Amino acid sequence: MKTSPMTAVQLVRGRWIFTGDETLSDGAIAFQDDTILEVGSWEALRAKYPDANVHGSSQFAILPGFINAHHHSNGVPNSLQGVDDDFLEPWLFANTALRSQDPTLKTLFSAALLLQSGITTVLDVASISGTPEASTNNLKGRLRAYEQAGLRVALAPGANYSSFLVHYEDDAFLASLPDSLRQQVNTLVPLQQTLSPEDYLSIISDLVVSYQSHPHIDVWFGPPGPQWVSDDLMIKIAETARSLNTGIQTHVVESFYEKLMGPRFYDKSVIAHLHELGVLSPRFSIAHGVWLTESDIEILAETGASVSHNPSSNLRLRAGIAPLNSLLEAGVTVGLGMDGTTLGDDEDMFAEIRLAARLHRTPQINMPAPSFTDVFHMATTGGAKLLMQQKIGKLAPGYKADLVLVKCDRITYPWIAPEASPVHVVLMRARAADVETVFVNGKIVLQNGQPTGFDLQAVGQEIANQMDAAANQQKNGALVAELLPYLKQWYANWTMPKLNPYATFNSRI
């Protein structure tokens, strides 16, 4: 078997090197091919590798690549398509008014924003439907985009099989509607999945096997949520993922009404139900987990299942504030995700880190509050553990050369005290616009703030051209506007239990 020759050692120099364990001043990283060889002082490594090509300078902070633990490659965001934020359930239905986008183009566009934010790894949850051929082509288009962008990804496709309108009670909800509105819904909204569960399992299994040896692409299972797939299918997904040694991510107790769904339909919490099914394990992660109970958190800690915390999305969709402090205290693996729904539609991981660090600071002295270091670990090593990846999330010998070079001139302007914590300064002040260069597997995938694998401006223009030519969704938009009051009233009629929050942020008395 012919082996590839080793490439030359390369050096990355920084004013600060944030390894994940410590901060080095005037440091450097030596890597060869896709692997870090050494991390140490600039002077020592330059002397050891005098002929090495040098990236960066004393004006940069060097970070391990961020890991976006839950994402949807949305392409053109909802805000630009006229779909406003709302509660999760009506918002999901409102998405029927979105125009369709080419899967390769929208994934490339999303990948560019992630790279520009210093993200080197993403768990991308995708939705598929239709014929096996159409579903396969959709996924292969997305995978081609990640190949081209050079971004490390676990693509987690899922398909809806129930609860197309409301949780578990589509027939009853339809029966409650006026006749004319019911007819419109039946005409304009697909209320069944044409891709069989067997075909879904087969398609994803084949892709998992096809990409098992790929240097930066993995394929996972992404069932959208327990209300959208049967218990039997969820069990089969868990069994198949275990046999193929791959992962699963699904949405769980994101909204208040998903919390109520547990006792209403299972006579127990959703997490307890999943535990009863035997699907929870270290390869199983949930997105959001806003409405986890204390016993739910104990189950997650016991089974090793992990959580992607998505604070921006939770706020935008009025889902609430997840019990992050309790999750960390219990030792649950927690990653940080942007969900394709950040507060400013900017996919800026630095802003998401700041939001997570500030949102959970309880207002009483001696009560818990995550530090910047805690959240930095969520965005790096926490995400790596969630993704079952042992060689990303840190800058250390033997780890993958996933590196982010952040310019420090604006961040430190006009002056910085020698006693200031470099990691706090960078996480407090950096923006995506400060990211200059990104390496994934030792290859430059972002340079001067622009992706190297494709022309972002050309991709944006092509998306715009396709959107201009896309079918007008005016009928769907009108249907959404007419149906939303009925959807909201349906959930408003659910019994409201007494709530006991994890932290008190204010009081009416």
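Helices and strands here are DSSP runs, a helix having at least four residues and a strand at least two, and both are numbered from the N terminus. What you see is a predicted model.

**The whole chain**

Colour the protein chain by secondary structure: there are 19 helices and 17 strands to find. The C-alpha trace spans about 80 × 60 × 45 Å along its principal axes. How does the radius of gyration of the protein chain agree with that of a compact globule? For 509 residues the globule value would be near 23 Å, and the chain has 23 Å, so the two agree.

Of the 509 residues, 56% count as buried. Among contacts with a separation of 6 or more, 76% are between residues 24 or more positions apart.

Select the charged side chains next. The protein chain has 36 positive and 52 negative ones, and the centres of the two sets lie 4 Å apart.

**Thr120**

Select residues 119-127, which form strand E7, and pick out Thr120 within that strand. Is Thr120 buried or exposed? Its relative accessible area is 1%, and buried means under 20%, so Thr120 is buried. To see what surrounds Thr120, show its contacts beyond the neighbours within four places in sequence: they include Gly65, Phe66, Leu151 and Arg152. Asp402 and Val404 are also in contact with Thr120, as are Val438, Phe439 and Val440.

**Backbone stops**

Most residues other than glycine have a negative phi, and most peptide bonds are trans.

Asn245 is not a glycine, yet its phi is positive, about 55°. Asn245 counts as exposed because its relative accessibility is 58%, and the cut-off is over 50%.

Then move to the loop between strand E13 (334-336) and helix H14 (349-359), where Asp339 has its place. Asp339, also not a glycine, has a positive phi of about 65°. With a relative accessible area of 5%, Asp339 is buried.

Finish at Pro414, in the loop between helix H16 (409-412) and helix H17 (422-429). Show the backbone from Tyr413 to Pro414: the peptide bond there is cis, with omega near 0°.

Methods: Residues are numbered from 1 along each chain as its sequence is written. This is a predicted model: local features need pLDDT of at least 70, side-chain atom pairs count only at pLDDT 80 or more; totals for chains, interfaces and linings use all residues. Side-chain values use heavy atoms; hydrogens and water are left out. The radius of gyration is taken over C-alpha atoms; the globule rule is 2.2 Å times the number of residues to the power 0.38. Buried means under 20% relative accessible area, exposed over 50%, partly exposed in between (1.4 Å probe, protein chains only). Contact means heavy atoms within 4.5 Å. Lys and Arg count as positive and Asp and Glu as negative; His and the chain ends are not counted. The place of a charge is taken as NZ of Lys, CZ of Arg, CG of Asp or CD of Glu.
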